Amino acid sequence: MVSKVEQPTDGIEQLISESGDYITDVVKENLKLIRHTKGFSLDKLANRCGVSRAMLSQIEQGKSVPTISVLWKIANGLNVPFSELLKEKNQDGIHILKVENSKVLYSNSKVFASRALFPFLGNRKTEFYELMLKPGGHEVAEPHKTGTTENLVVVSGKLRLRVGEKVVELEPKDSVFFKADVSHEYSNPTDQETLMYLVMDYTDEIG
């Protein structure tokens with residue numbers, strides 16, 4: 001892995017800020033609703049998901065913008081799909097997702113970005129994402145719930161994917177399908193940004 005990581009541009013920083021405002025407002029409401037529905041105290045959820053009580057409280061108060069990693073941990077602790085924390089109010093008919101209104105989530109290091117390509121309208125079994133990994137970037141994903149799978153295709157750049165103890169190298173137009181209920185890692189071994197599309201499928205047990 002390359003140690004020097006390119007810093008986000010001003011444009012990306014603006015996207016982080018704009019998406020962060022939306023994510024903060026939506027997540028705080030959904031988190032409170034789901035947690036109360038399941039009867040979890042902040043302490044119980046903290047123990048289940050590995051996110052501190054203080055951080056959970058800040059998120060519910062809208063005082064902290066959660067990263068991808070934190071949201072995954074919370075979703076796993078609540079035993080709900082990732083999209084449940086970002087769902088919007090139900091609307092009927094066609095849904096156009098304009099790129100300028102995209103909800104973009106970033107890793108702590110800002111080298112990994114995830115853009116949802118589906119409307120957050122409640123419980124879903126399948127989710128569709130655009131993933132971007134900066135040159136030299138590395139992202140570790142914790143195991144998802146049992147039965148969760150990922151189907152990923154590389155559009156541009158290269159990807160080094162580790163699933164458990166296995167490592168595969170992917171080039172443009174290569175795709176991979178794997179069980180995501182084990183630890184997995186995405187790495188970009190080049191000096192070019194890697195663009196990917198991901199379809200995530202959850203087991204019927206989630207809900």
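At what angle do the axes of helix H2 (residues 42-49) and H4 cross, and within what distance do they come? In this predicted model, the two axes come within 8 Å and cross at roughly 110°. An angle from 65 to 115 degrees counts as roughly perpendicular, so H2 is roughly perpendicular to H4. On the H2 side the meeting residues are Leu45, Arg48 and Cys49, and on the H4 side they are Lys73, Ile74, Gly77 and Leu78. Sorted by class, this contact of H2 with H4 has four nonpolar residues, one polar residue and two charged residues.

Nine of its eleven residues are buried, so H4 is largely enclosed by the rest of the structure. The buried residues are Ile68, Val70, Leu71, Trp72, Ile74, Ala75, Asn76, Gly77 and Leu78. After the helix comes asparagine 79, which has a positive phi, near 60°.

The view widens here to the nonpolar core. The largest such core has 46 residues, and those with the most contacts inside it are Ile74, Leu78, Leu152, Leu159 and Tyr186. Helix H4 (residues 68-78) supplies the largest share of this core, with seven residues. Both domain 1 (11-85) and domain 2 (99-206) take part, each giving the core at least three residues.

Setting aside neighbours within four places in sequence, leucine 78 is in contact with Leu31, Ile34, Arg35, Lys38, Phe40, Leu45 and Leu85. Arginine 35 lies in helix H1 (residues 10-38). With a relative accessible area of 7%, under the 20% cut-off, arginine 35 is buried. Beyond its neighbours within four places in sequence, arginine 35 is in contact with Phe40, Ser41, Leu42, Leu45, Glu60 and Leu78.

Apart from neighbours within four places in sequence, leucine 198 is in contact with Glu127, Phe128, Tyr129, Leu131, Glu150, Asn151 and Leu152. Leu152 is also one of the residues with the most contacts inside the largest nonpolar core. Finally, the C-alpha atoms of leucine 198 and alanine 116 are separated by 9.7 Å, while the two residues are 82 residues apart along the chain.

Methods
Residues are numbered from 1 along each chain as its sequence is written. This is a predicted model: local features need pLDDT of at least 70, side-chain atom pairs count only at pLDDT 80 or more; totals for chains, interfaces and linings use all residues. Side-chain values use heavy atoms; hydrogens and water are left out. A nonpolar core is a set of buried Ala, Val, Leu, Ile, Met, Phe, Trp, Tyr and Cys residues joined through side-chain atoms within 4.5 Å. Buried means under 20% relative accessible area, exposed over 50%, partly exposed in between (1.4 Å probe, protein chains only). Helices (H or I, at least four residues) and strands (E, at least two) are DSSP runs, numbered from the N terminus. Domain bounds come from an automatic or database domain assignment. Contact means heavy atoms within 4.5 Å. Axes are lines fitted to C-alpha atoms, for helices over the stretch in contact, and angles run from 0 to 180 degrees between N-to-C directions. Angles under 35 degrees count as roughly parallel, over 145 as roughly antiparallel, 65 to 115 as roughly perpendicular and the rest as oblique. Ala, Val, Leu, Ile, Met, Phe, Trp, Tyr, Cys and Pro count as nonpolar, Asp, Glu, Lys and Arg as charged, and the others, Gly among them, as polar.
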